Amino acid sequence: MNAIDELFGRIRAKGGTALMPFITMGDPHLDATVDIILQLERSGADLLELGVPYSDPLADGPVIQRASERALRNRITILDCIEAGGRAREAGAKLPFVLFTYFNPLLQFGIDRGFELMAEKGFSGAIIPDLPLEEDGEVREAARRHGLHLIPLLAPTSKERIKRIVSRASGFVYCVSSLGVTGERQQFHERVDEFLDTVRSATDLPIAVGFGISNNEQFRSFAARCDGVIVGSAFVRRIEALGERIADPAARPAALAELGRFAAELKG
């Protein structure tokens, strides 16, 4: 069974909610990224979205864009990201990994080759935010062939497309809480609860909500309505603030402990 299915089976059996951090791979560098992955798992993360840095992102706000710029200065590629996930597995990471990548890096690397390597390195799925439903056939087939989930994004504006998208979904459904790009928010889409109810009624798959969630109060609010809560910019911003200390092997343990405390506080 795919690790994502196992995770949400446990979550649903316990009546809980998964904490699903997003991080940008290679920020501040790949060795540090592996240690960040291990720290987040120790601190209560249930699933990690491992982001491939990209120069022309569709959905990323300024915090994640800056992280991508820093990683790209280190010449981080999609191959580096997948192999770093494998290094984290070798170091003992057990939680599911989902690769978050735009389509072009995967296309340039090779679609089937990419999913084959993801499976080899212990990934459980992929999210490709700029790949529309109407054009995802080759990618979906490659994911299926290698036992990985292709996870869709749904926005409150999806409306009549919701049933079509979830009918082909696997793993879980990523529900976007707000319009626009990623970033920490105080207010979410005014009809987000209605949107989540609509998605829930259209699929038996787990649903996870993300975009803008940054504190325990928001986590708990969404946890009552979904199976997982995705937190991205809030983690990436903290990694940015701790960047010099995380990059320094001597200072890294204490800096990682600070990041871990944030993860634990989020989940409560």
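These legends go with a set of close-up views of a predicted model.

Local features are described where pLDDT is at least 70 and side-chain atom pairs where it is 80 or more, while totals for chains, interfaces and linings use all residues. Numbering starts from 1 along each chain as its sequence is written, and side-chain values use heavy atoms, with hydrogens and water left out.

**View A. The largest nonpolar core and a second one apart from it.** A nonpolar core here is a set of buried Ala, Val, Leu, Ile, Met, Phe, Trp, Tyr and Cys residues joined through side-chain atoms within 4.5 Å; buried is under 20% relative accessible area, exposed over 50%, with a 1.4 Å probe and protein chains only. The largest core has 72 residues, and Ile37, Leu40, Phe97, Phe115 and Met118 touch the most other members. Helix α2 gives the largest share, seven residues. Another core, of 24 residues, lies apart and includes Leu7, Ala18, Phe22 and Ala208.

**View B. The buried residues of helix α9.** Helices (H or I, at least four residues) and strands (E, at least two) are DSSP runs, numbered from the N terminus. In α9 (residues 192-202), Val192, Phe195, Leu196 and Val199 are buried. They sit on the same side of α9 because they cover an arc of only 95 degrees around the axis, taken from the directions from the helix axis to the C-beta atoms. Among the elements covering them are β7 (173-176), β8 (207-210) and α10 (216-223), where contact is heavy atoms within 4.5 Å.

**View C. The buried residues of helix α11.** Ser233, Ala234, Phe235, Val236 and Ile239 are the buried ones in α11 (residues 233-241). Their cover includes β1 (18-24), α2 (30-42) and α13 (252-267). Phe235 turns up again among the residues that Leu40 touches, along with Leu259 and Ala263.

**View D. A cis peptide bond and a positive phi.** Asp27 and Pro28 are joined by a cis peptide bond, with omega about 5 degrees; Pro28 is in the loop between β1 and α2. Arg75, in the loop between α3 and α4 (78-90), has a positive phi, near 60 degrees. Arg75 is exposed, at 71% relative accessible area. For context, most residues other than glycine have a negative phi, and most peptide bonds are trans.

Technical notes. Lists of a residue's contacts leave out its neighbours within four places in sequence.
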